[in-house]
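Here is a friendly walk through one structure, written for someone who likes to see the cut-offs behind the words. Have the viewer open and follow along.

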Amino acid sequence: MQKILNVPTEFVNEMLEGILEAYPNQLKAVDGDNHALVRADAPVAGKVGITTGGGSGHLPLFLGYVGKGMLDGVAVGDVFQSPTAEQMLSVTKKVDAGAGVLYIYGNYGGDVFNFDFAAELAAAEGIRVETVLGADDVASAPRGEEARRRGIAGIFFLYKVAGAAAAKGLSLDDVVAVTKKAAAQTRTMGVALSPVTLPAVGHPTFEVKAGEMEIGMGIHGEPGIRKSKLETADQITDELVSTIRKDLDLKSGEKVCVLVNSLGATPPEELYIIFRQAKKLLTGYGVSVARAYVGEFATSLEMAGASISVIRVDDELLSYVNTPVHTPFFTQA
Amino acid sequence: MSSFTTSIETVAAALESNSKRFEELDSVAGDGDLGITAGNIAKGLRAGVAGATGDLKADLMLIGREIAKNAPSTFGTLFATGFIRAAAAVTEAEALTNIKLGVAAAFEGIAARGKAALGERTLLDALHPASKALQEASDLKSGLNAAAAAARTGATATALMAPKHGRAGWIGERAQGNEDAGATVIAVVFEALQS
């Protein structure tokens, strides 16, 4: 894979400089550290601060959703690396308006380790912090072991719900409750068609053979559940949607929102071919699609592949999903 | 300087003078950056001493915060966690009681944060015997001496253990035969504390 780079080790720093230059009215760095970013108008008076973080290489995750109606701050790590607890703490202090802070991030060891420590440091400074983990990847652990699941694109729905609830003025406890409810109703499953090259490494760090695919591969190349010859869009979609339906125990008459996500290299055209089949299948189950998102939401550098996320919604969750937002990488009227 | 801040300075100096050894041990099984981390922890310890007020609780908390700032790696964070948990545990009691409480709380906190158990070739395999030796002591001097010996024995024993955590966990048996670098750091700390 050819890349447009200067110094590979400066990949993240130069990206962050560019993003801050592109969105000067929406984002600002905390204490001059570009790895600690908050909304330009942070802290928002009286509002629960929603904070996230994680490694780089997944844009629009994580920093792209910092803005009105979604997140207040983000700690940005190196490629596929957790940010530090210090960066998380400085973001936490900057977004806290006295109403407390909610951490929402993907369930990965390094991130949990550092965010838990940041929460402990914040508590020592008198800031109340609660945590809801994104653990939506059904392929990463079986039913009954949901706590071991990794967080992938479905975290978008958690951001959406938590951000809308916080913007509405709900208390920290109430924002936590509705975000946990959203997390319990969200599932994702993906397929990878190619490996990725970390800029500082220069060659792929795992393998997906030409002509093959890996169902359930993680966004850092974690092993999936099945490798095979590349199948058709409809065959792939059937497997992803039916697995999600079973895991979520979706029933006729229920309502969902669907997110079809590119892992980086797969173009929007192919995503719509996937969505077409997903909609057909869900309709066949008697499940109605209340809202659809199709595009790049959580990528893995230039990985080819896609994921499907489904959140079962009631009127409360749907109203939060439908709330308008305005962030550097995502706007919903 | 109080005996507390003098002890912390002594530990910082010991970490710095052993950094090459930590680096070599860590290179066998890990990233090889534990020498740098130990140096950064020493910086954090010194920064904490510089801001110490004589209030043990506040001073331990400050040291933990400074280590977190100066050594943001996994090992540094675990080390910082130990001080922060110790800060919460100490009381108005005399030194021996406080070091018993502090080290026991540090062990519990690090085990919880690192999600590791004994026998998995981590720093816990040196810290646990050190804490146990302290709990059985009736005076500070003999307690610290026994803790240093126990930490050393514990660190040496990790050479026969299979790793489960970090990069050492992926390469399995290659790590065996050498003692765990993190456990060695703990042994060096307690050896610096003995008189």
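## A helix pair in chain B

α5(B) passes α6(B) in a right-handed crossing; a crossing counts as right-handed if the near helix is turned clockwise from the far one by less than a right angle, and as left-handed if anticlockwise. Helices here are DSSP runs of H or I with at least four residues, strands are runs of E with at least two, and both are numbered from the N terminus. The axes of α5(B) and α6(B), the latter being residues 95–114, come within 7 Å and cross at roughly 135 degrees. That makes α5(B) oblique to α6(B), since angles under 35 degrees count as roughly parallel, over 145 as roughly antiparallel, 65 to 115 as roughly perpendicular and the rest as oblique. Axes are lines fitted to C-alpha atoms, for helices over the stretch in contact, and angles run from 0 to 180 degrees between N-to-C directions.

Who meets whom? On the α5(B) side the residues are B:L78, B:T81, B:G82, B:R85, B:A86, B:A88 and B:A89, and they meet a set in α6(B) that includes B:L101, B:A105, B:G109 and B:R113. Contact means that the C-beta atoms of two residues, placed from the backbone, lie within 7 Å. By class, this contact has eight nonpolar, five polar and three charged residues. Ala, Val, Leu, Ile, Met, Phe, Trp, Tyr, Cys and Pro count as nonpolar, Asp, Glu, Lys and Arg as charged, and the others, Gly among them, as polar.

## About the model

This is a predicted model, in which local features need pLDDT of at least 70 and side-chain atom pairs count only at pLDDT 80 or more, while totals for chains, interfaces and linings use all residues. Residues are numbered from 1 along each chain as its sequence is written, and chains are lettered from A and ligands numbered from 1 in the order in which they are written.

## Where the chains meet

Chain B and chain A each bring ten residues to their contact. On the chain B side, α4 (56–70) and α5 (74–89) each supply at least two residues. That side of chain B divides into four nonpolar, three polar and three charged residues.

## Two domains in chain A

Chain A is split into domain 1 (8–184) and domain 2 (186–321), with bounds that come from an automatic or database domain assignment. Taken over C-alpha atoms, the domain centres are separated by 22 Å. In chain A, 31 residues of domain 1 are in contact with 36 residues of domain 2.

Which helix gives the largest share of the domain 1 side that touches domain 2 in chain A? It is α4(A), with seven residues. Both α4 (155–167) and α5 (172–184) of chain A supply at least two residues of that side. By class, this side of domain 1 has 20 nonpolar, five polar and six charged residues.

## The six-stranded sheet

Chain A holds an open sheet of six strands with mixed pairing, in the order β1-β2-β4-β3-β5-β6; two strands pair if DSSP finds at least two bridges between them. The edge strands, β1 (27–30) and β6 (129–134) of chain A, each pair on one side only. On average, neighbouring strands are turned by 25 degrees against each other, direction ignored.

β5 (residues 101–106) of chain A pairs with β6(A) in the parallel sense over six bridges. Within this region, A:Y105 has A:L133 in β6(A) as its bridge partner. α4(A) packs on the sheet, touching β3, β5 and β6 of chain A, and its direction makes about 170 degrees with that of β5(A). Helix α1 (residues 11–22) of chain A lies across β1, β2 (33–39), β3 (49–56) and β4 (73–79), running at about 35 degrees to β2(A).

## A helix pair in chain A

The axes of α6 (residues 233–248) and α7 (residues 268–285) of chain A come within 9 Å and cross at roughly 45 degrees. α6(A) and α7(A) are therefore oblique to each other, and α6(A) passes α7(A) in a right-handed crossing. Among the residues making this contact are A:T237 and A:V241 of α6(A) and A:I274 and A:L281 of α7(A).

## Backbone details to check

Most residues other than glycine have a negative phi, and most peptide bonds are trans. The bond from A:L59 to A:P60 is cis, with omega near 10 degrees, and another cis bond joins A:L61 and A:F62, with omega about -10 degrees. A:P60 lies in the loop between β3 and β4 of chain A, and A:F62 is also found in the loop between β3 and β4. A:D249, in the loop between α6 and β10 (255–262) of chain A, has a positive phi near 55 degrees.
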